[in-house]
Amino acid sequence: LFASLVLAQRGYMPIMLERGLDVDNRTKDIDNFWVDRKFKNNSNVQFGEGGAGTFSDGKLTTGINSVFCKTVLETFVKFGAPEEILYTSKPHIGTDNLVNILRNIREYILANGGTFLFNRKFVDFETVNNQISKVYVLDVSDSSNKILEIETDTVILAIGHSSRDTFYKLYENGIHIEPKNFSVGVRIEHLQEMINTAQYGSVTKLKLPPADYKLAYHNNETGRSCYTFCMCPGGTVMASSSDENTIVTNGMSKFLRDGVNANSAVLVNVTPSDFPSSNVLAGIDFQKDLEEKAFALGGYNYFAPVQRFEDFLHNVPSDHFGVVKPTYLPGVTFADLNTILPSFVSDTLKQGISFFGSKLAGFDNPDSILTGVETRSSSPVRIVRDSSFSSNVYGLFPCGEGAGYAGGIMTAAIDGIKCAQSSMK
């Protein structure tokens, strides 16, 4: 979106291809999935206008130091974000605000000559003398399988980390892709009140926001690390599948962060050496295998498998909830997550969560709820690009989180700006 925005601002007329739907219709499809389990392959939490970031906490924090950080924040404010994101230390927008902001960005791009093609999936491309010359686009709105051909010498490939079919096609066509480290794990839920007390204490006259945390653990003997990621104060755990018959979890908060529970991913690092196959795309197969096992463990009905932390420690399925109740929709099933997680993941999670309890009082509460599985924190591959941001096919610019060059909304937006500038050069 930021790549298209920059191009539109400079007088170009970008064509945005989006395999999913616009944010309003996409929201309806996601609600139907969460309530009635009516899953849509191309319109879900991963696919659709704004990508996976639309349905998140809308965090705008980043560890990078870039002149474009301010640009991104000011752009969000211009299109409807609260002005406080310009000066708060941990800015966030919230899903409820993001929906409106994305619509406003789209309308600006349209008013300045851009085009949005929803329900249109990039499926193939042609080259002339190793320069991209044409892309083929599938209409996924019905079963007609209509193919649209677009002649172009410039493609910004911002496909997100869940476009597995696109990764396979790119690899088949000779695009240089390399495996990289990523992480898998679970979502953990606590009472937000408990997190507030642990961080602020029980007595204060200050009106403080819902507390957050960021924790990490490293086992020197195994070399494994465990860390919290995408912490959502006052949020919910989401059903985030992008393939049929799989379970994928993520976290989401609205701007006010006023829900009863806090949640975050608790993840363990995975490296290419963990796979029996040397295939470049083996990490994708590893993710999908976990997601399919979680679907089966949950009861083959899009219910997620859940377990109290105390029961997870003892390798037994839970049979009741304590003080913490799960927020995941459409529903949950008591299970033993140890039966589907690789032992190096489950063992490190047990060590890490117990260690976190020594740093944040109550984190290892026996009633903490673990929901499986979290597999999409980052892309398991990187699409190789040179100093001009081009892949080995000239004019094809890998961009953002799916290409392996971003890790959140801010870095994805900044990478989009850079790719747009490079393509204009």
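Phe 2, Leu 5 and Gln 9 of helix H1 are in contact (heavy atoms within 4.5 Å) with Val 72, Thr 75, Phe 76 and Lys 78 of helix H3. Among the residues of this contact, four are nonpolar, two polar and one charged. The model is a predicted one, in which local features need pLDDT of at least 70 and side-chain atom pairs count only at pLDDT 80 or more, whereas totals for chains, interfaces and linings use all residues. Residues are numbered from 1 along each chain as its sequence is written, and side-chain values use heavy atoms, with hydrogens and water left out.

Two packed helices are described by the angle between their axes and the distance between the axes. For H1 (residues 2-9) and H3 (residues 68-78), the axes come within 13 Å and cross at roughly 80 degrees. H1 is therefore roughly perpendicular to H3, a term that covers angles of 65 to 115 degrees.

The structure holds 17 aromatic pairs, that is, rings of Phe, Tyr and Trp (its six-membered ring) whose centres lie within 6.5 Å. One of these joins Phe 39 and Tyr 302, whose rings are stacked (planes under 30 degrees apart), with 5.9 Å from centre to centre and 25 degrees between the planes. Phe 39 lies in the loop between helix H2 (23-36) and H3, and Tyr 302 in the loop between helix H7 (282-297) and strand S14 (304-308), so the pair ties together parts that are 263 residues apart in sequence. Both Phe 39 and Tyr 302 are buried, meaning under 20% relative accessible area. Ring pairs also link Phe 39 and Tyr 302 with Phe 33, Phe 295 and Tyr 300 into a cluster.

A further pair is formed by Tyr 213 and Phe 363; the ring centres are 5.3 Å apart and the planes stand at 85 degrees, so the pair is edge-to-face, the term for planes over 60 degrees apart. Tyr 213 is buried, with a relative accessible area of 7%, and Phe 363 is buried as well, at 0%.

Charged side chains also lie over ring faces (NZ of Lys or CZ of Arg within 6 Å of the ring centre and within 35 degrees of the ring normal). Arg 224 is placed over the face of Phe 344, 3.9 Å from the ring centre, and Arg 382 over the face of Tyr 405, at 5.8 Å.

Lys 254 is located in the loop between strand S12 (249-252) and strand S13 (261-270). Its relative accessible area is 51%, so Lys 254 is exposed, the term for values over 50%. Apart from neighbours within four places in sequence, Lys 254 is in contact with His 92, Gly 94, Thr 95 and Asp 96.

Definitions and conventions
Axes are lines fitted to C-alpha atoms, for helices over the stretch in contact, and angles run from 0 to 180 degrees between N-to-C directions. Helices (H or I, at least four residues) and strands (E, at least two) are DSSP runs, numbered from the N terminus. Angles under 35 degrees count as roughly parallel, over 145 as roughly antiparallel, 65 to 115 as roughly perpendicular and the rest as oblique. Ala, Val, Leu, Ile, Met, Phe, Trp, Tyr, Cys and Pro count as nonpolar, Asp, Glu, Lys and Arg as charged, and the others, Gly among them, as polar. Buried means under 20% relative accessible area, exposed over 50%, partly exposed in between (1.4 Å probe, protein chains only).
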